[in-house]
Amino acid sequence: MWLDRGLGLNMETSIVSIRITQQTNNFDCGVHVLYIITKLIEVGKNGQLLEYLENGGLPKEWGTDEIVSKYRLEVRELLISLVESDT
């Protein structure tokens, strides 16, 4: 609704509940959310999001601790490179 009203995109919106993996530690919640959002955008661009929604959720392997930990390191390196490029 914010995109629709704020940016005037005239989008049809709906709320959908999908099953996603949960982090199993107490420190990767933000990285886990970023990773899942990144994957949702990726499948959305490929036109596969509806397929995942119809099948009840996202692949369990998307949110494993190992994958999210690797993604945390990727985000860390990206942030460091951005900070270094600004100095």
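Before that, a word on what we are looking at. This is a predicted model, in which local features need a pLDDT of at least 70 and side-chain atom pairs count only at pLDDT 80 or more, while totals for chains, interfaces and linings use all residues. Residues are numbered from 1 along each chain as its sequence is written, and side-chain values use heavy atoms, with hydrogens and water left out.

His32 is found in helix H2, and with a relative accessibility of 6% His32 counts as buried. For that word the cut-offs are these: buried means under 20% relative accessible area, exposed means over 50%, and partly exposed is in between, with a 1.4 Å probe and protein chains only. Gly30 also has its place in helix H2, but at 40% relative accessibility Gly30 counts as partly exposed.

Now the overall picture. The chain has four helices and zero strands, and along the sequence the pattern reads α-α-α-α; helices here are DSSP runs of H or I with at least four residues, strands are runs of E with at least two, and both are numbered from the N terminus. Of the 87 residues of the chain, 20% count as buried. The chain exposes about 7000 Å², and carbon and sulfur atoms supply 57% of that area, as computed by the Shrake-Rupley method with a 1.4 Å probe, where for residues only the protein chains shown count as cover. Among the contacts in the chain with a separation of 6 or more, 56% are between residues 24 or more positions apart.

How do H2 and H4 pack, and at what angle? Their axes are 9 Å apart and the angle is about 95°, where axes are lines fitted to C-alpha atoms, for helices over the stretch in contact, and angles run from 0 to 180 degrees between N-to-C directions. That makes H2 roughly perpendicular to H4, since angles under 35 degrees count as roughly parallel, over 145 as roughly antiparallel, 65 to 115 as roughly perpendicular and the rest as oblique. On the H2 side we find Val31, His32, Leu34, Tyr35 and Thr38, and they meet Ile67, Val68, Tyr71 and Arg72 in H4.

Side chains of opposite charge can pair when their charged atoms come close. A salt bridge here is a side-chain nitrogen of Lys or Arg within 4 Å of a carboxyl oxygen of Asp or Glu, and by this rule the count comes to four salt bridges. One of them joins the side chains of Arg72 and Asp28, at 2.7 Å from N to O. Arg72 lies in helix H4, residues 65-86, and Asp28 lies in the loop between H1 and H2, so the pair ties together parts that are 44 residues apart in sequence.

Asn25 lies in the loop between helix H1 (2-7) and helix H2 (29-45), and Asn25 is buried, with a relative accessible area of 17%.

Two further salt bridges deserve a mention. Glu66 pairs with Lys70, with the closest N and O atoms 3.5 Å apart; both lie in helix H4, four residues apart, which is about one turn of the helix, and Glu66 is exposed, with a relative accessible area of 54%. Arg76 pairs with Glu77, with the closest N and O atoms 3.2 Å apart, and here Arg76 is partly exposed at 47%, while Glu77 is partly exposed at 46%.

Finally, which residues does Arg19 touch, not counting those up to four places away in sequence? They are Asn55, Gly56, Gly57 and Leu58. Arg19 lies in the loop between H1 and H2 and is exposed, with a relative accessible area of 51%. The C-alpha atoms of Arg19 and Leu58 are separated by 6.4 Å, and the two residues are 39 residues apart along the chain.

Note on methods: Contact = heavy atoms within 4.5 Å.
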